[in-house]
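Open the model in your viewer and keep the sequence panel beside it. This tour tells you what to select next and what is there.

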Amino acid sequence: MISQDKQLHFLLIPLMSQSHIIPLTDFAKLLAQHGINVSIITTPLNAQRYKSLITQSLKFNLKIQLIPLHFPCEELGLPKGCENMDSLPSTNLYKEFFLACETLKKPLEKIIQKLETKPSCIVSTGGLSWTQEIADKFKIPRYVFQTISCFALLCSQEIETRNSQLPNETTTKQSDDVQSVVHQIKWSQNLARGTLINTFDELEPFYVDEYKKIMKNVFCVGPVSLCNKKVDEIINRGNEGSVDNEHSYLTWLNSMKPKSVVYVSFGSLCHMSFLQIKEIGLGLESSNVPFVWIIRGLNVSSEVKKWLSDENFEEKVKGRGIIIKGWAPQLMILSHPSVGGFLTHCGWNSTLEGITCGVPMITFPMFADQFYNEKLIVDVLKIGIRVGIEEKNKVLVKKEEVKKAINQLMNEGFESKERRKRTKELAIMSKEAMQESGSSYLNIKLLIQDVMQLVNN
Ligand SMILES: O=c1ccn([C@@H]2O[C@H](COP(=O)(O)OP(=O)(O)O[C@H]3O[C@H](CO)[C@@H](O)[C@H](O)[C@H]3O)[C@@H](O)[C@H]2O)c(=O)[nH]1
């Protein structure tokens with residue numbers, strides 16, 4: 001714990017999406033472990049979903065509170081209860097969702113006005129450019145919390161988001177909207193005091209250095225998921241409801257040979273066509289490799305359910321494969337010794353979680369930074385292999401290609417062993433970065449000093 005003249009209070013504002021709330025709540029724990037008082041802005045349903053965070057903080061004497069603000073779903077044409085991007089019934093509602101997020105600005109200003117002492121700083125995730133206006137209004141320094149890699153940040157500085165990186169259903173009008181939002185985000189980032197990135201210096205040193213040349217006050221503070229050490233923290237992370245099933249998954253994983261299982265998941269937002277889901281299923285079936293396959297959100301369509309039942313799929317793979325139709329305890333599964341491969345959409349949180357758990361990957365990007373992360377995983381770090389062609393969101397990846405990639409990743413050949421070795425080395429480096437006197441640990445301290453100095457001036 002640092003010695004400090006004043007009790008620092010960090011106000012954390014994530015975009016209401018699992019891929020932003022999860023790393024920011026992890027970061028809250030890390031800050032609280034350094035003696036910081038942390039408030040997280042959220043909404044009533046998200047507060048419910050993350051209530052275990054509060055139980056845990058009380059247990060470990062950490063000062064973290066959730067501040068729920070009303071989220072105007074129905075007023076803005078969103079279905080009731082859609083307070084998190086993963087509960088949207090269609091990707092066409094993203095615009096309405098972002099507008100609903102922006103309406104949090106006024107109530108949040110009222111909250112800040114009512115606080116006895118104003119927050120020492122705001123930490124908000126990249127997409128929330130309106131939080132910069134709040135920071136300016138109250139003269140509070142704002143740090144942008146980046147949930148993507150330095151490699152992807154640099155790529156996106158250079159290149160406009162290509163249409164092929166947008167989700168399948170995106171229209172030209174929506175694509176223009178995306179470009180204008182990207183410009184707004186960049187504008188607000190330049191006004192921020194600094195940038196915190198969920199990565200670690202040793203993972204992508206060249207790209208971290210390059211990013212530091214174009215942005216001021218850059219602190220790599222991750223992988224933040226490593227703050228979850230106790231089993232119940234890992235099982236509960238981002239969970240939607242009860243954790244009863246988690247223990248049966250654990251029993252199943254315990255019965256499998258070390259490094260024999262492939263974990264298949266496409267994050268919290270990806271919307272995959274029925275035909276693609278079918279090819280993945282058939283590829284998994286014919287690979288003969290044990291698997292845990294997550295089908296969630298928009299992907300659990302009636303077509304998918306019918307196909308699974310017509311094929312008698314779950315019965316056919318019984319004993320060798322598990323399908324989870326809903327929220328999976330991803331960190332628990334990836335950190336289990338029986339898991340030896342990860343078929344992933346390359347979301348940055350998933351990529352980092354694969355790395356910290358030492359699990360090599362099969363890359364299946366579908367939109368946004370996922371294509372950059374594929375390049376980082378396959379070409380730079382050499383800890384994964386591609387399945388199908390590069391711009392695969394427009395082309396069906398066939399079952400034969402899925403089977404081939406799984407067998408190539410999971411076999412005992414020289415290349416697989418080398419890939420596994422490299423991933424293991426990165427896993428060790430990631431843990432060292434987060435340990436006392438590791439690079440990310442020290443960067444968090446430097447961040448706190450930066451805030452302290454601003455507060456004391
Ligand atoms: O059943 C599930 C599904 C997901 N997760 C967790 O949810 C997070 C998902 O994050 P990520 O892997 O980054 O995927 P997305 O949800 O798809 O993330 C979006 O946001 C990321 C961060 O900005 C981008 O890198 C991605 O491209 C974008 O799709 C991870 O922590 C997972 O462990 C679970 O625990 N259980």
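## From strand to ligand to helix

Start at V292. Its bridge partner in β10 is I322. One thing to keep in mind on the way: this is a predicted model.

**Stop 1**

Select residues 291-294, which form strand β9. Show the side chains. F291 and W293 point one way. V292 and I294 point the other way. Are these four buried or exposed? All are buried.

Which residue of β9 is the bridge partner of V262? Pick F291.

Bring in residues 274-287, helix α12. Trace the chain from β8 through α12 to β9: the three make a β-α-β unit. The unit is right-handed.

**Stop 1: strand β1**

Move to residues 9-13, strand β1. Five of its five residues are buried. Both faces are covered: H9, L11 and I13 lie on one side, F10 and L12 on the other.

Which strands pair with β1? Select residues 37-42 for strand β2, which pairs with β1 in the parallel sense over four bridges. L12 stands opposite I40 in β2. Then select residues 121-125 for strand β4, where the pairing with β1 is also parallel and also spans four bridges. The bridge partner of F10 in β4 is C121.

Show helix α1 as well. β1, α1 and β2 make a right-handed β-α-β unit.

**Stop 2: the ligand**

- A328: a backbone N or O atom lies 2.7 Å from a nitrogen atom of the ligand.
- H345: a polar side-chain atom lies 2.9 Å from an oxygen atom of the ligand.
- E353: a polar side-chain atom lies 2.6 Å from an oxygen atom of the ligand.

On its own, the ligand has 700 Å² of accessible area, and the protein covers 97% of that.

Color the shell by residue class.

**Stop 3: helix α17**

Finish at residues 370-380, helix α17. This helix is mostly covered, with eight of its 11 residues buried. Select the buried set: Q370, F371, Y372, N373, E374, L376, I377 and V378.

Step just past the end of α17 and pick K382. Its phi is positive, about 55 degrees.

How values were computed:
Residues are numbered from 1 along each chain as its sequence is written. This is a predicted model: local features need pLDDT of at least 70, side-chain atom pairs count only at pLDDT 80 or more; totals for chains, interfaces and linings use all residues. Side-chain values use heavy atoms; hydrogens and water are left out. Buried means under 20% relative accessible area, exposed over 50%, partly exposed in between (1.4 Å probe, protein chains only). Helices (H or I, at least four residues) and strands (E, at least two) are DSSP runs, numbered from the N terminus. Two strands pair if DSSP finds at least two bridges between them. A crossover is right-handed if, with the strands pointing away from the viewer, the path from the first strand over the helix to the second runs clockwise. A polar contact is a pair of N or O atoms within 3.5 Å; within protein, one must be able to donate a hydrogen and the other to accept it, and residues adjacent in sequence count only if both atoms are side-chain atoms. Accessible areas come from the Shrake-Rupley method with a 1.4 Å probe; for residues, only the protein chains shown count as cover.
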